[in-house]
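These are my notebook entries on one protein model. I looked up a few things and wrote down what I found.

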Amino acid sequence: MKLARSITRHLTTSSTTQKPKRVSTKPISLNSIKELHANLIRTHLHTDPSSISNVIKSYALSPSYLDKAHLVFNQLERPTLLVFNHMIQGLSQSDQPNEALDMYNNMYHQGFTGDNLTFIFVFKACARVKDVFHGQKVHAHILKLGFGSYLFVSNALIHLYASCGRLGLARKLFDIMTNRDLVSWNSLICGYSQCKRFEEVLALFNSMQEVNVKADAVTMVKVILACSSLGRWDIADSMVKYIEENNIEFDVYLGNTLIDVYGRRGLVDLAQEAFNQMLDKNIVSWNALIIGYAKVGRLIEAQKLFDEMPRRDVISWTSLITGYSRGNQFVEAVKLFREMMLAKVKPDEITLATVLSACAHIGSLDMGKAIHDYIKRHSTKCDLYLGNSLIDMYCKCGVVENALVVFHEMEKKDSVSWTSIISGLAVNGFADYALELFMQMLREGVRPTHGSFVGILLACTHAGLIDEGLQYFESMEKVYGLTPEMKHYGCVVDLLSRSGNVEKAYEFMKAMPIAPDVVVWRILLSASKLHGNLVLAEIATGKLLELDPSNSGNYILLSNTYAGSDKWGDANRVRELMVESDVYKPSGWSSINSMEPHVI
């Protein structure tokens, strides 16, 4: 993929009888403005609007000097329209855009009607504060004054309506314009994109091409995002060609958009190519590429990029931690989190939830507790996702008491919260409490999910409640409209098998609407071994050898079943068959977790 070169744009100027003013490439320094201001005060001209105009303009356009601009403005004997425009412009761009509207009202009450520049800045202020009502009033005003045909005024008004979600008004104004430029098209396209009306974004782009309006980087960002949201990858790929053929400036926003879109599609090599061709990169560029590599499991490249980053933020660390966790490299995920804490980078809720999940998988209770302490110590918002992660971690580490504390302290719970605690109680031997919570969940109007039924079936299995378990299983489809999945059938087979009803479990398997998988057959084989049912053990082994011939556990289970019934010849025959079939028995191993939680 070849991407467009960065190009220099030249602005054309209209002909005029006046000599064009020389435009300085450097802005006037604030020190020079301060000197001018001081001189005007000494000569008593600081109250003269024409003399002080440049001072007010410089102060108004410098955010840290906006208060000083107000002070100077308030000293004027009679402000002019030009001075009002300076103030309205500065306020419209500041973090106080509402004050721009107040300044406009002040100007209007002093008898000034405003000019095209006034209305551009007022509409920009209205757009920033989402005040479409005020904008409509000013719109009516400009129509009376005859400014409605001014291109830049119309563009600012389209931007206002579009950014406020009033796309009908924006489109109506756009359609009646006799003259449009690229800003007109982009303002409407950005509005449709903001409102997630992506089909209209693509339709507008096509209309642009029909009237030979060349797109720029802003257009392409919105069009490519629309393609991504709609899954129109054919159009997205053609847009890359359009960028190249039209030498569209490949700025950081367009580059980041392409990296992100390619990453989402798993096309990380193309994302890397886009990254390499960007003249300017920011931290978002690096993070987007790391996320792309991590998503497809190319963690070596992701780690290399991470190591080369000039600066990292919490997203950088979290993206790589998430990548390791998704790649089942949980120890590496926890190790990287420790490095993050040593680097004094404050984790967010997503980071903490991801690391807690990794702790749950490797049974790192000490680190999980340390993270929980960190959450309480730093008053981190324990949202639904983070609370569920804590419950899961404590349950998988066998500390159900702590999981219950977290569960009961949660202000908001969802089906995942209930499922996690019910399943955790069940597998840790608190079946009665699991059943009690399931009934409470139903009383509170929480609709059970597939996961909820796995938890309750596990509880019935551990409590030996066969009839209750079968009733819950039947209620899945009859009462809640949930089609049982393989994991639910496996739970029922386990429920029947553990109680010694191996034959009944086998009959249940034969009646299943879907073919049992290796897990279900292995449950039956284990139960057959436990209860000495050689016939079913041989049937289950035959199926397992058919479905999973290279798994040594299948042979060993059958061999041990024969040995348990003193059929040593059959046991040896199975072992010999295992050797003849070249089935490898992996060596046993164990590990000691040596993570140090004290760093957080």
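**Entry 1: Val314**

In which helix does Val314 lie? I found Val314 in helix H18, which covers residues 314-326. Helices here are DSSP runs of H or I with at least four residues, strands are runs of E with at least two, and both are numbered from the N terminus.

Before going on I noted the ground rules. The model is predicted, so local features need pLDDT of at least 70 and side-chain atom pairs count only at pLDDT 80 or more, while totals for chains, interfaces and linings use all residues. Residues are numbered from 1 along each chain as its sequence is written, and side-chain values use heavy atoms, with hydrogens and water left out.

Next I looked up the exposure of Val314. Val314 has a relative accessible area of 21% and is partly exposed. The classes are buried (under 20% relative accessible area), exposed (over 50%) and partly exposed (in between), with a 1.4 Å probe and protein chains only. I also looked up a pair: Val314 and Thr351 are 37 residues apart in sequence, and their C-alpha atoms are 8.1 Å apart in space.

**Entry 2: two more pairs**

Is Ser154 buried or exposed? Ser154 is buried, at a relative accessible area of 6%. I located Ser154 in helix H8, residues 151-163.

Glu200 belongs to helix H11, residues 198-210. Its relative accessibility is 27%, and Glu200 therefore counts as partly exposed. The C-alpha atoms of Glu200 and Leu188 are separated by 9.7 Å, and the two residues are 12 apart along the chain.

**Entry 3: salt bridges**

How many salt bridges does the structure hold? I noted 14. A salt bridge is a side-chain nitrogen of Lys or Arg within 4 Å of a carboxyl oxygen of Asp or Glu. Side chains of opposite charge can pair when their charged atoms come close.

I wrote down three of them. Glu308 is bridged to Lys304, with 2.6 Å between the closest N and O atoms. Both residues lie in helix H17 (residues 299-308), four residues apart, about one turn of the helix. Glu308 is partly exposed at 41% relative accessible area.

Glu485 is bridged to Lys487, and here the closest N and O atoms are 3.5 Å apart. Glu485 is partly exposed at 33%, and Lys487 is partly exposed at 44%.

Lys510 and Glu507 meet through their side chains at 3.2 Å, N to O. Both lie in helix H29 (residues 502-510), three residues apart, about one turn of the helix. Glu507 counts as partly exposed, at 44% relative accessibility. I also noted a network: Asp269, Arg298 and Glu301 are joined by salt bridges that share partners.

**Entry 4: cysteines**

How many disulfides does a search of the whole structure find? The search finds zero. A disulfide is a pair of cysteine sulfur atoms within 2.5 Å.

Cys164 is in no disulfide, and the nearest cysteine sulfur, in Cys126, is 7.9 Å away. Cys164 counts as partly exposed at 21% relative accessibility.

Cys491 is buried, with a relative accessible area of 11%.

**Entry 5: positive phi**

Most residues other than glycine have a negative phi. I noted two residues with a positive one.

His44 is not a glycine, yet its phi is about 60°. His44 sits in the loop between helix H1 (30-42) and helix H2 (49-60). At 62% relative accessibility, His44 counts as exposed.

Asn247 is not a glycine either, and its phi is positive at about 50°. Its place is in the loop between helix H13 (233-245) and helix H14 (252-264). Asn247 counts as partly exposed at 26% relative accessibility.
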